[in-house]
Amino acid sequence: MTSVIDPKSETVETKQMSLLEQLHPDLKDATVDEVNKAVATSRECFSKWSKLTIRERVLYLRKVRKEIANSIDEIVDVIVADTGKIPVEALVNEILVTLELIKWYENNVDRILGNQRVSTGLLMAHKRGEIRYQPLGVVGIISPWNYPLTLSMGPIMAALFAGNTVVVKPSEVTPHVGIKVGEIFKRVGQKYGEFENLVQVVVGSGFVGEYLVRSGVDKVAFTGSVKTGKHVMAVASETLTPVVLELGGKDPMVVLEDANIDRAARGAVWGAFTNSGQTCMAVERVYVHEKIFDKFVEKVVDLTSKLRQGEGSGMDLGAMTWQRQTDIVKRHLKDAVDRGAKVLVGGEDVIVNSRASISPAVLVDVDHTMDIMTQETFGPVLPIMKFKDDEEGLKLANDSVYGLNSSVWSKNSTRIEYFVRNMQAGNVCVNDTMVSYAISALPFGGVRESGIGRTHGEEGLREMSQIKSVAYDRFNLKTEIQWMPIASWLEPMAKKLIKFRNR
Ligand code: NAD
């Protein structure tokens, strides 16, 4: 039996045990040959796509945006069927956010990826310097199941705007969303008679993702767990294939005693429970100043007990997507309770949309000996802990191997600045949570074990580009002063120049 990742891991995939085929008997894992063929087809398409100007790419990708906007009902249906989330979450957090991102790229890609003149400095004043952002080639994208549309489309669109073509391997848990993405690109290609093969989709379990990493793609954009991300990076290092890794988090929310408690409580409930807590940048642990702790907890419990969890429109949250995740949440809850935590509301087994889920849970009496405060739970739990002063609040927030998102809640700009500056995270939200992801101009990504590289914003586009530096000669002189034969005056003159420039 060929093990693809650590056999002790929970997410171990083996070729004999296809998770895709267990979860979706209607589908089959792509073979190595099929993955390689998809990459070859993508490369063929790249030879034409990469020759377009940025403007021409924008005009084409605008058509894709329109096609998505005209297909929202069909896309929502597939997302809801694959994930169990409520329709409004699919509509707002997946489709709307994606369309806004595409629009932002349309309006900014020229400025970001156009050739850039740079100053050449005093000594090189007779040269002209230019930076070019060229496409990499074929980008392999591997995506997770929690936001299967936006977490595929974000990197896909960045790659395409930058002139690359794409092969995407959607999560085996939510493959139909990936298939739908492929259909949309095909549809646009067929409608306009070109670039039908811009995006190839290969479905399959984890090992199919590994085929893609090994297939000779020019970059891998991976979104998923830390464990798989490390493995992907190790495999990619064999061929020095560059990677961007968007991984998990254990995101802290710190509420100071001068915060707007009502707003912070509502923010915590949304941040922890939207998408049933299955969000990489969800609020996973809350630290509240001791002076307002009881009041804050009371409000959070009140709001949580009123949440409507169920199927379809009119609900606040839907189902957990699959049993494996529900089991992790149950394990963390049990570990916390065994170590002395108190569950104030929720944490019960419920069936939503025919899926085993957990009712949204609020916990107190938690500490950092518990998995629920240190490991990614990725479910509807909200553990709340007390702190005494800003220093302790910051120390607790930074006590993690992760560093994806974080938030601070206060009215005092000096204290806010202290947290913004010192939080060990790729993203900080002030008096809000998670919202940085929806601001297309803000690069998104993590520090520490939450990842490498960025999506969104300028950095996201450049992540998908090859940077080329070009130095032009301006005057076409017969020789340059440092060329051979070396003049006898060069050495003393260089010494004088160094002294002069560093006086
Ligand atoms: P996962 O790591 O199990 O799987 C992610 C993808 O990797 C899937 O498509 C899977 O098939 C593939 N994969 C599995 N084994 C592989 C291998 N050996 N080689 C190549 N690919 C392989 O993660 P998941 O459970 O799908 O997603 C949840 C995780 O993703 C959470 O940790 C969450 O925090 C993280 N996440 C991060 C972000 C972010 O932007 N930082 C966004 C969403 C989710």
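Analyst: Helices here are DSSP runs of H or I with at least four residues, numbered from the N terminus. The model is a predicted one.

User: Which helix gives the largest share of the lining of the second largest pocket?
Analyst: This pocket has a volume of about 330 Å³. Among its 17 lining residues, those closest to the centre are Asn-93, Val-97, Met-434, Tyr-437 and Ala-438. At least two lining residues come from each of α5 (87–113) and α6 (150–161). The largest share, 5 residues, is supplied by α5.

User: Why does the second largest pocket lie between domain 1 and domain 2?
Analyst: Domain 1 comprises 41–120 + 135–247 + 455–465, and domain 2 spans 251–439. The pocket lies between them because its lining takes residues from both domain 1 and domain 2.

User: How many residues of that lining are nonpolar, polar and charged?
Analyst: The lining of the second largest pocket holds 1 charged residue and 4 polar ones. The nonpolar residues number 12.

User: Which strands are the edges of the open sheet?
Analyst: The sheet has 6 strands with mixed pairing, in the order β5-β4-β3-β6-β7-β17. An edge strand pairs on one side only, and this holds for β5 (199–201) and β17 (451–452).

User: What angle does helix α9 make with β7?
Analyst: Strand β7 (residues 243–246) runs parallel to β6 (residues 219–223), and 4 bridges join the two. Helix α9 (residues 226–237) packs on the sheet and touches β6, β7 and β17. Its direction relative to that of β7 is about 175°.

How values were computed:
Residues are numbered from 1 along each chain as its sequence is written. This is a predicted model: local features need pLDDT of at least 70, side-chain atom pairs count only at pLDDT 80 or more; totals for chains, interfaces and linings use all residues. Side-chain values use heavy atoms; hydrogens and water are left out. On a 1 Å grid over the protein atoms alone, a cavity is a set of points where a 1.4 Å probe fits but cannot get out, and a pocket is an open set with protein on both sides within 12 Å along at least five of seven lines; lining residues have an atom within 4 Å of a point. Grid points are joined across faces, edges and corners, and a volume is the space filled by probe spheres set on the points. Ala, Val, Leu, Ile, Met, Phe, Trp, Tyr, Cys and Pro count as nonpolar, Asp, Glu, Lys and Arg as charged, and the others, Gly among them, as polar. Domain bounds come from an automatic or database domain assignment. Two strands pair if DSSP finds at least two bridges between them. Contact means heavy atoms within 4.5 Å. Axes are lines fitted to C-alpha atoms, for helices over the stretch in contact, and angles run from 0 to 180 degrees between N-to-C directions.
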